[in-house]
Amino acid sequence: MSAFVCAWAPCFRLQAAAGIWPAAPAVAIAREGPLELVASANRAARQAGVHTGMAAAQALGRCPGLQLHPVDAAAEQRLSQQLRAGCGRFSPRVQMLGGDTALLDFAGLAGLQGSPEALAERIQREFAACGLRLQVAVGAHPAAALLAARAGGRLTQQLPIELLAEVRELTHAFAAPEEVAEALALLRRWGVRSLGELAALPESGVAARLGRLGTELQRLARGEAGGVLAPPPEPEPALEASMSFDPPLRDLETLKAAVAHALGELALKLEQRDLVVEAMRLHLALERQPPAAFERRLAVPARAARALAEQLGLALDQNPPRAPVTGFALALECGQPRRIQVRMFASTPPDREKLPKLLGMLAEMFEGRVGSPRLLDTHRPQAFVMEAFTPPEEEAAPRATPRPMLALRLYRPPRPLPPGAAILRRAGPWRSAGEWWNSGAKPWSCDAWDAEVRSEPSAEGERETHLVRLLHDRTQGAWYILGRYD
C-alpha cells in the first residue's frame, strides 16, 4: 500500500521572521503601501482576536503585548530551502508546495525508514532540534497527507469543510479562492459541515449542483487528489550523431576512430544530463552497397566514451563493412542511472561497467558457448541450453547460514566405473527413458543409483570408500559415475 508523508510549517512567515517559534502572542508584519498588515499570526495571537489581514495598529489595540516581527523574504527562502534539503535526506522524491509544505513519497522506503509513522516522528523531532516547528502527517494519498498535516496530524471525518479553503496548493488547479469559498458557504447552508458529510454525498448529485468544482472538492474531502506530486520525467530522447566521408573510408581503424570521436562528444551530453547508455545503433552508408546496421545492447548501462567505443569496435571487427564507407549515423538509447549502495560489510564488488567488454571478448573466443544455462522442460537428465547472460537487477540479500547437507559434484562427462571398484551398498533404481517416440532424436534409457563404492587398491594397497551417484546405461549395458557426494 502506498503512503505519503506531509511536513507543514504553520505560521511559516512568522517562524522565518522571528527565527524561533514564539510562545507569546506574535505576528509577522508586511507593508502594503502606507499600511502595515498582519501576514501571519500564531495561535496565541489568534485567540486574542488577531487575524491575517488586520492592520498592525488594530492588532496592537486588541492585544497590547503583541510581538511584531517584520517579514523577512530572505529568511523565508532560507527556511524553505532548509525544509526541502532536510526532507530530501529521508526520501528521494520530495515536492515543495509553496515554501512551507514538503510532500514526501514513501514508496520503497520501508526497509530503510521503517513505517511511515516512524518517519513522520523522526522528521518532526529533527526539525524541532533545529528550531523549526512542523506538523507532520501520513496519508494513503498526497491530498490526505496534506489535509491531515493542516488538521494537526490526523484526518478525521469530523473536520470542518472550511479546511478545504486553506489548502490552496490543491484547489488552485480547478478554481480561484473566491469560488472555493463560495462553494463551501453554499454547502454549509445546505447542512454539509464536515469532510465526512461531504465525502458521503452522492457523486452524481454533487456534480449536478456544483459541477466540476463540487466533484473536485468532494475528492479532496475523501483525501484524493491527482497531480500533486510531480509526474515522472519523460523518457529521454535518443542522442544522435552523424558524419560523412569524402572520399569514402576504406580503413577500418580510421572508421573506428571516427565513431569513437563522435561518442566522445556525446559523452559530454550524457554527463550534463546525468544519463547512461542502454543500447547503441550504428548505421553505415556504403558505396554502391546496401547500408549496414549494427546494434549493441549493453548488459550494464554505461556512459564512458572509451567503454562505448570498445563495444562498437568489437561489433565492427566481427562484421567489417563490405564496401567503402561514405558516412555513418549513430544513435544512443539512454536512461536514468541506477545508484545502488553496496552492503556495508561486503567485499568490494567487481566493476560492472567492464562486464560488456568481457562478454564480447569471451564471445569471440568461445562462439556460441557463452551465457547462462537454462534447464529444458524435458525428462532427459541434465538437458539445458545456453542463453544470453544478464546480470541480476540488484545484489542478492545475504542468506542465513544453511543447514549441513550433502552436495553432489557432477562429472562432465561421466566417468566410467573402474573394473576393480566394489559396490558395498546401493539405493535405487530411479529409471528414466525418453525420445523413443521421436525417430529424429537419440533415445535413452538409464537407471540412477546412490551407492557406496570402494575404489580399487592403490599402489600402497589402500582402498578408499566414496558415496557416489551411479548411472546404468541400459541401451549399452555400461556403468558410469555421474558424480560424488561431499
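Visitor: At what angle do helix α12 and helix α13 cross?
Guide: Helices here are DSSP runs of H or I with at least four residues, strands are runs of E with at least two, and both are numbered from the N terminus. Axes are lines fitted to C-alpha atoms, for helices over the stretch in contact, and angles run from 0 to 180 degrees between N-to-C directions. The axes of α12 (residues 252-273) and α13 (residues 305-318) come within 9 Å, and they cross at roughly 150°.

Visitor: What kind of model is this?
Guide: Residues are numbered from 1 along each chain as its sequence is written, and side-chain values use heavy atoms, with hydrogens and water left out. Local features need pLDDT of at least 70 and side-chain atom pairs count only at pLDDT 80 or more, while totals for chains, interfaces and linings use all residues, since this is a predicted model.

Visitor: Is the crossing where α12 passes α13 left-handed or right-handed?
Guide: A crossing is left-handed if the near helix is turned anticlockwise from the far one by less than a right angle, and right-handed if clockwise. For α12 passing α13, the crossing is right-handed.

Visitor: How many residues in the contact of α12 with α13 are nonpolar?
Guide: Contact means heavy atoms within 4.5 Å, and the residues involved include L255, V259 and L263 of α12 and L308, L312 and L316 of α13. Ala, Val, Leu, Ile, Met, Phe, Trp, Tyr, Cys and Pro count as nonpolar, Asp, Glu, Lys and Arg as charged, and the others, Gly among them, as polar. In the contact of α12 with α13, two residues are polar, two are charged and the nonpolar ones number twelve.

Visitor: Are α13 and α14 roughly parallel or roughly perpendicular to each other?
Guide: α13 and helix α14 (residues 355-365) pack at an angle of about 15°, with their axes 10 Å apart. Angles under 35 degrees count as roughly parallel, over 145 as roughly antiparallel, 65 to 115 as roughly perpendicular and the rest as oblique. The two helices α13 and α14 are therefore roughly parallel.

Visitor: Which residues in α11 meet E179, V180, A183, L184, L186 and L187 of α9?
Guide: Helix α9 (residues 177-189) packs against helix α11 (residues 203-221) at an angle of about 80°, with the axes 11 Å apart. The pair is therefore roughly perpendicular. Their contact has eight nonpolar residues, no polar ones and one charged. On the α11 side, the residues are L210, L213 and L217.

Visitor: Which strands stand at the edges of the sheet, each with a single partner strand?
Guide: Strands pair if DSSP finds at least two bridges between them. The open sheet has three strands in the order β3-β2-β4, with mixed pairing. One side of each edge strand is left without a neighbour in the sheet, because each has a single partner: these are β3 (35-41) and β4 (67-70).

Visitor: Which residue in β4 stands opposite V27?
Guide: Strand β2 (residues 26-32) runs parallel to β4, and four bridges join them. Opposite V27 in that pairing stands L68.

Visitor: How many of the residues of strand β6 are buried?
Guide: Buried means under 20% relative accessible area, exposed over 50% and partly exposed in between, with a 1.4 Å probe and protein chains only. Both faces of β6 are covered, with T101, L103 and D105 on one side and A102 and L104 on the other. Strand β6 (residues 101-105) is mostly covered, and its buried residues number five of five.
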